[in-house]
Amino acid sequence: LAQKYDPQKEVELRTWIESVTGQQIGPDFQKGLKDGVILCELMNKLQPNSVRKINRSAQNWHQLENLSNFIKAMASYGMNPVDLFEANDLFESGNLTQVQVSLLALAGMAKTKGLQSGVDIGVKYSEKQQRNFDEAKMKAGQCVIGLQMGTNKCASQSGMTAYGTRRHLYDPKNQILPPMDHSTISLQMGTNKCASQVGMTAPGTRRHIYDAKTGTEKCDNSSMSLQMGSNQGANQSGQVFGLGRQIYDPKYCPQGSQGEVANAASDQGGDPPGYQYYREEE
């Protein structure tokens, strides 16, 4: 509590009390207000005859009586009970922070009630503004649904786009174009407009990457890719159905020209060359 005491507020309170009462507190703020005389004078300035008897004796019980009368006068002046302090808080320096808070609240109450002083101190209290409505007005208010319950007033579908269409952000300051046709379905929803099969290759044909800048040549898109299979460049030359597969080795094959080999084959009974080779191997 002692750390919450504000020395700057003490200077402001000293100036305010001295300006209202016309009396000097002295160098020690606590000792100057301890007897309660200046505080009672202050209360009589704010509210005349609020403290009827002021004891100027140096006895302790007289000083405590002055402080008690001052506290009662503050309560009758309109102060909140939580803003009041006890006599021992000031007399024995038990809680000077609470004393400071009470005096600041008293200055704010005085400002609220119109006290004019040369020192601007305290917070002005808010004034109560009570309103009186007749019975007809009260019944009419019961038929109105509060906005916290929801309302459909001032609501419309003006400017709303159809479901699935694009949302356009329009801002003339940033040079954004005005809204376009809202009846057109956005491309994000899918469309078959401006779509064709031009340039598409047949199923199974190869995909060719053509770039005029790199000098890539165009290819024939009508030809089937070799990945799908091809019969071009294929024949049945050298294929033997139902016969043995010959393994050719020049060491075991007869020497000579092709004509001599053919004649030798015809002299051996007209058997195919394959049978002659098998007989030689056997």
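**Nonpolar core and ring contacts**

Phenylalanine 70 is buried, at a relative accessible area of 0% (buried: under 20% relative accessible area, with a 1.4 Å probe and protein chains only; exposed: over 50%; partly exposed: in between). The model is predicted, so local features need pLDDT of at least 70 and side-chain atom pairs count only at pLDDT 80 or more, while totals for chains, interfaces and linings use all residues. Residues are numbered from 1 along each chain as its sequence is written, and side-chain values use heavy atoms, without hydrogens and water.

Phe70 also belongs to the largest nonpolar core, which has 35 residues (a set of buried Ala, Val, Leu, Ile, Met, Phe, Trp, Tyr and Cys residues joined through side-chain atoms within 4.5 Å). Trp16, Leu33, Met43, Phe70, Met74, Leu103 and Leu106 touch the most other members. Helix 1 (7-21), helix 2 (29-34), helix 3 (37-46), helix 4 (60-77), helix 5 (87-91) and helix 6 (96-112) each give two or more residues (helices are DSSP runs of H or I, at least four residues, numbered from the N terminus). Helix 6 supplies the largest share, seven residues.

One aromatic pair is present. The ring centres of phenylalanine 70 and phenylalanine 85 lie 6.3 Å apart, with planes at 45 degrees, so the pair is tilted (centres within 6.5 Å; planes under 30 degrees apart are stacked, over 60 edge-to-face, the rest tilted). Phenylalanine 70 is in helix 4, and phenylalanine 85 is in the loop between helix 4 and helix 5, 15 residues apart. Phenylalanine 85 is buried too, at 4% relative accessible area.

Two lysines sit over rings (NZ of Lys or CZ of Arg within 6 Å of the ring centre and within 35 degrees of the ring normal). Lysine 34 lies over phenylalanine 91, 4.8 Å from the ring centre. For lysine 113 over tyrosine 77, the distance to the centre is 3.8 Å.

Methods: Phe/Tyr/Trp six-rings, centres within 6.5 Å; stacked < 30°, edge-to-face > 60°.
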